2 protein chains.
Amino acid sequence: MSNYHPLTEAEAVQYARSIPGLFSEGAVLTSREIGDGNLNLVFHIREEGREKGVILKQALPYARVVGESWPLTLDRARIESEALQVQEKLADGLVPRVYRYDSDLALTVMEDLTDHIVMRKGLIARQQYPYFAEHMARFLARTLFFTSDFYVDRQEKKEWVRRFLNPQMCDITEGLVFTDPYYDAETNSFNPLIRSEVEAIWRDNALKREIAELKEAFMTQAQALVHGDLHTGSIMVTETSTKVIDPEFAYYGPMGFDIGALVANLLLSYASHEGHTADEEVRIAYQEWLLETIETIWNGFEKQFSALWQEHVKDEMWRVPGYRERFLTRVLQDSAGFAGCKMLRRVIGLAPVADLETIEDPHVRAKAEVLALHIGQTLIHRRKTLETIGQLTAWVREVAKEKVAK
Amino acid sequence: MSNYHPLTEAEAVQYARSIPGLFSEGAVLTSREIGDGNLNLVFHIREEGREKGVILKQALPYARVVGESWPLTLDRARIESEALQVQEKLADGLVPRVYRYDSDLALTVMEDLTDHIVMRKGLIARQQYPYFAEHMARFLARTLFFTSDFYVDRQEKKEWVRRFLNPQMCDITEGLVFTDPYYDAETNSFNPLIRSEVEAIWRDNALKREIAELKEAFMTQAQALVHGDLHTGSIMVTETSTKVIDPEFAYYGPMGFDIGALVANLLLSYASHEGHTADEEVRIAYQEWLLETIETIWNGFEKQFSALWQEHVKDEMWRVPGYRERFLTRVLQDSAGFAGCKMLRRVIGLAPVADLETIEDPHVRAKAEVLALHIGQTLIHRRKTLETIGQLTAWVREVAKEKVAK
């Protein structure tokens, strides 16, 4: 990494120009730095007069969070680019294409997605995406199945685990998702109006035992190459296209962690819409679309994962009748548990979500936040009784109704 | 590894002499190759007229099993020597001391234990070892606790996982313990008199779903640095000393796998004693000692692991009241399940145990083997209801009684 230095915009343009096949000779290129500057530099390089250009994403050797300097390994750029390439191979069209990875500069040159918007923004604006659930079901089924012990050769799988060991990024999740929100940690940051709800969680040892178990699963269960940070800010969409980006948290972990992250963020959107409009009919229709989306994602995932299993699984033990169904039920239960943690974390801990933050009135926001906390707790507590995704969405409706009745 | 070649006895002597501090200058040394020649060369080097010498263990690049040539990585010698050194640091006196590891030759120079005997032989001879259970409880509690996420720094633990990835040796276990015995595989080898019992297992999908789940746990759950092959042939004993040897299968896996291996082999001894003497009183007394030993190991493990937890665990989530007890119950249940697999495997699969093999009359042997199969199946089926080790030993007595009544 001795040649590493953060690129200037001029250098980024020069770098993009040097890659054959991207731009015509003599093209006039412009660069715009569109990253948030916290973890990475993101340059959008365009040829004048043409819409689509190319993205250069360069990892920075630190993250500035809450005024602290937090050194971060550049190896996450390798992991991100390699994960993107694995995902592209397995779920073609659902991730940005990688044109080049430069390990010296911790730099990935990839497909320009500036014609897409961040899914979270679309959800806040109550947009519906008719292909989104189908796309995500495909992404999840294919990336999780084809990297798991149900498909990969036993010995080769251990090399995959080695290649995607990601200690620093996992450490962030282990702290911010699975530890800090559940006690009075300095990193926490929440609406003062919900303090009594948060303190009740800090005192709830039964809940915290469940979370400790989920944390241990996150730290020990190498089931598949997971994206590791699959919230709606890591997904870019148009009406017809879905692209999963930013897998710098990728590692071998529990399948339910990715599915749970997605479910959590759809449910955070669900809760946030309690505060986004006064029109009840509009709100309910959109919330129902969110729940249907969750159901379609899970059912599509289950169907495709099962089809892949039937087509590819050779091992005598995995082929025992009924084992696949039992395994998938466990993944559903894990997903619900991880979703619950991710919901609590976004309300109590560092890194809140715009879905809730954009509710200006703190009292209205508190109502949505408390709903999110209650849904999250319900998922964590009841997860081991889950058999179908319909039960999960029914719990959400039930909790929402109770909250509104109060 | 370019300098690797299998040592001759003369070279082994010369090598031992070259290590400072082991032998006096000009000592007359003799070598005896005491390995079984299947996986490793084991040279016992002694100075004439003195009892204690030194052991040179050198990995061979292949294993000859069932007439097949089976190439095996020499990296297992590194893993073995490093695991021994970790275990010595954590459980001083319970593993042979390592004097030197030579990576070029895949050679470990270690403490001579020829004044000890293999535990399995002692068990066949109905020897009782009054310190054995206490020693093993200490070994298990300390090696499993201090290498787990409950003690090791989160990021450092991932480096431990990397260092002890052991794809080839895990592959052997995944095949021989968790796959082949449960269908009509070529590697299987069992007493023809028990064929109908074995075929009933092959048809039992409910049982095989449980085993598939245990297999998946073995392949994915990086809880602690486990020995990985902790049967009574991997333990050397005297009346007062216990030494755990041969950790070449060491990897990051479920804690219950080590505890289960030990329980399984004590229960295989239990079953074998159905055939080792006609004197019922003698038999029952010994079998009861074996069950007490299992109880003392678990209870001692639980007590010491809990004490270490209380002393060392800092993480907010692991310290949630009741989580430790819940975790240990899960380890107990896992241990029972893994013990069951290990019992079935030793009766049906490759690599039978001397405990059963030394019963000459095949009909008497069949009786003991069927008892082992029934105990194993009971442990697998009922494991998730286990709360105490006393329940497990009660099941064993219950199954034994039923078998004898038939």
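This is a predicted model: local features need pLDDT of at least 70, side-chain atom pairs count only at pLDDT 80 or more; totals for chains, interfaces and linings use all residues.
**Figure 1. Overall dimensions of chain A.** Chain A contains 14 helices and 12 strands. Its radius of gyration is 21 Å, close to the 22 Å given by the globule rule for 406 residues, so chain A is as compact as a globular protein of that length. The C-alpha trace spans about 65 × 60 × 40 Å along its principal axes.

**Figure 2. Burial and surface of chain A.** Of the 406 residues of chain A, 60% count as buried. The accessible surface comes to about 15900 Å², and carbon and sulfur atoms account for 49% of this area. Chain A carries 47 positive and 61 negative side chains, with the centres of the two sets 3 Å apart.

**Figure 3. Strand β3 of chain B.** Strand β3 (residues 54–59) of chain B is largely enclosed by the rest of the structure, because 6 of its 6 residues are buried. In a regular strand, side chains alternate between the two faces of the sheet. In β3(B), B:Val54, B:Leu56 and B:Gln58 lie on one side and B:Ile55, B:Lys57 and B:Ala59 on the other, and both faces are covered.

**Figure 4. The hairpin of β2(B) and β3(B).** Strand β2 (residues 40–47) of chain B runs antiparallel to β3(B), and 6 bridges join the two. B:Phe43 stands opposite B:Leu56 of β3(B). The hairpin has 6 residues between its strands, and B:Gly49 in the turn has a positive phi of about 85 degrees.

**Figure 5. Pairing of β3(B) with β7(B).** Strand β7 (residues 107–111) of chain B is joined to β3(B) by 5 bridges in an antiparallel arrangement. Within β7(B), B:Met110 is the bridge partner of B:Ile55.

Terms used
Residues are numbered from 1 along each chain as its sequence is written. Chains are lettered from A and ligands numbered from 1 in the order in which they are written. Side-chain values use heavy atoms; hydrogens and water are left out. Helices (H or I, at least four residues) and strands (E, at least two) are DSSP runs, numbered from the N terminus. The radius of gyration is taken over C-alpha atoms; the globule rule is 2.2 Å times the number of residues to the power 0.38. Buried means under 20% relative accessible area, exposed over 50%, partly exposed in between (1.4 Å probe, protein chains only). Accessible areas come from the Shrake-Rupley method with a 1.4 Å probe; for residues, only the protein chains shown count as cover. Lys and Arg count as positive and Asp and Glu as negative; His and the chain ends are not counted. The place of a charge is taken as NZ of Lys, CZ of Arg, CG of Asp or CD of Glu. Two strands pair if DSSP finds at least two bridges between them.
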